[in-house]
Amino acid sequence: MNNDQTGFARTLSHRHVAMIALGGTIGTGLFLGAGSSIHKAGPAILLVYIITGLFVFAMMRALGELLVSDDSKPVFIDFMTQYLGERAGFVLGWTYWIGWVVIAMTELTAIGTYMHYWFPDWPVWPWELAFLIVLYFVNTIAVKIFGETEFWFAMIKIVAIVAMIITGLILALGHVKTSMGVTQFSTLWSHGLVADHGKGLLSTFQMAFFAFLGVEFVGITAAETKDPLETIPRAVNSIVIRILIFYIGALSAIMIIQPWTNYQAGESPFVQVFSGIGVQSAAAVINFVVLTAAASAINSAFFTTGRMLYSLVGEKSRFKKLNKNAIPKSAINLSTLIVGLAVVVNYLFPTDAFTLISSMASAAFLLIYMALMVTHLRFRKATKGQQSHGFQLPLAPFSNYLTIAFLALIFVILLVTPAATVTTLLAALWMVLLTVIAFFKFKKN
């Protein structure tokens, strides 16, 4: 079934969209990066995630209100073009597109690393090429296949997190003795509530925020969703519950099973916990989980960049065409070719080059999220909330201003963090350059 206004097929069900939204809130940062966050903040990291999660929810409610007001727009960037102007839409649209392309390139590189864990004597490029080809076909055969693939990718992450939570509960309720002592709930707070007197607490906000990077991906699926007026609000509203269960629950379990003082940056707390209770294959299991998470990121990137390119180009462009399955195949072809260059670039540049570019893309997402909240303000002013179908951002416009201020704080934290200063400035420079291009491109006669 096609959307009469866009031509896209509405084949994504509530089950697909709900899991896509969930997958977007659970990144590899939880499985690999939580050790660093716990080490810097201690149990206070739970409060950091709750506060960050509330602002993420506010951003998603604003996005949801925009989406239900006009479900014919292929991507949420189209709302920015409508309410902020063509120049802003150009800058933000191409920034979002290149951001997802870069993320896909870095994740493709990561897949080679993850496969190297099991096949150390094999070259990594055949694995990268194989995943690239498979995920390309997933995105070009049928939208429903994409949705089904994302459903199971998200399910794998959920199973790993639920296993951690259940393990923590069983060990704590049974006062089971491990190599680190008797497991009990009081382990969560008995070693102090804040690490290092709170000196590193502020820096963990940006770690928590980037763990949610990609949560807005549900805003790319609206034009291909069955019953969007019902499906989108349900997916957005369930985000808070997911954050509480999957982030707060998992982190709490991690710090109950072992004292938070045991966790260090650079080591997965999931591996450390499961290894500590005798699961010898813990490292292999978590390697599989992050492998699927990386594949999910590439899958989402192909979907997003295809729709973004379709939305950004002119009506006469070859990339403005849909195939017989109502998929922008030509746009996905170009994105896939660019992402595939990662295999070549890995030979020419060190891994650090990818890390640098990826961090720059992440900082640019912050600016896009702030622009999203401004777009919502303009939308409310223009429509007086009459097109929101009853699904509105609570406490607007105050929640808009608070969310923008919070995102700005994260941006400042990045600027003053030595490891991220250069990439944050590069992101700002990228936006400036695109703004200059947009000024001349859309210069009024």
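Which helix holds Thr204? Thr204 lies in helix 8, which covers residues 204-211. Helices here are DSSP runs of H or I with at least four residues, numbered from the N terminus. This is a predicted model, where local features need pLDDT of at least 70, side-chain atom pairs count only at pLDDT 80 or more, and totals for chains, interfaces and linings use all residues. Residues are numbered from 1 along each chain as its sequence is written, and side-chain values use heavy atoms, with hydrogens and water left out.

Stay with Thr204. Thr204 is buried because its relative accessibility is 0%; buried means under 20% relative accessible area, with a 1.4 Å probe and protein chains only. Thr204 touches Ser37, Lys40, Ala41, Ile45 and Val48, leaving out residues up to four places away in sequence. Contact means heavy atoms within 4.5 Å.

Now turn to a helix pair. The axes of helix 2 (residues 28-41) and helix 12 (residues 282-312) come within 8 Å and cross at roughly 130 degrees. Helix 2 is therefore oblique to helix 12. Axes are lines fitted to C-alpha atoms over the stretch in contact, and angles run from 0 to 180 degrees between N-to-C directions. Thr28, Phe31 and Leu32 in helix 2 meet Val289, Val290 and Ala293 in helix 12.

The largest nonpolar core has 141 residues. Such a core joins buried Ala, Val, Leu, Ile, Met, Phe, Trp, Tyr and Cys residues through side-chain atoms within 4.5 Å. Met60 is among those with the most contacts inside it.

Technical notes. Helix = DSSP H or I, 4+ residues; strand = E, 2+ residues; numbered from the N terminus. Buried < 20%, exposed > 50% of the residue type's maximum accessible area, 1.4 Å probe, protein only. Parallel < 35°, antiparallel > 145°, perpendicular 65-115°, else oblique.
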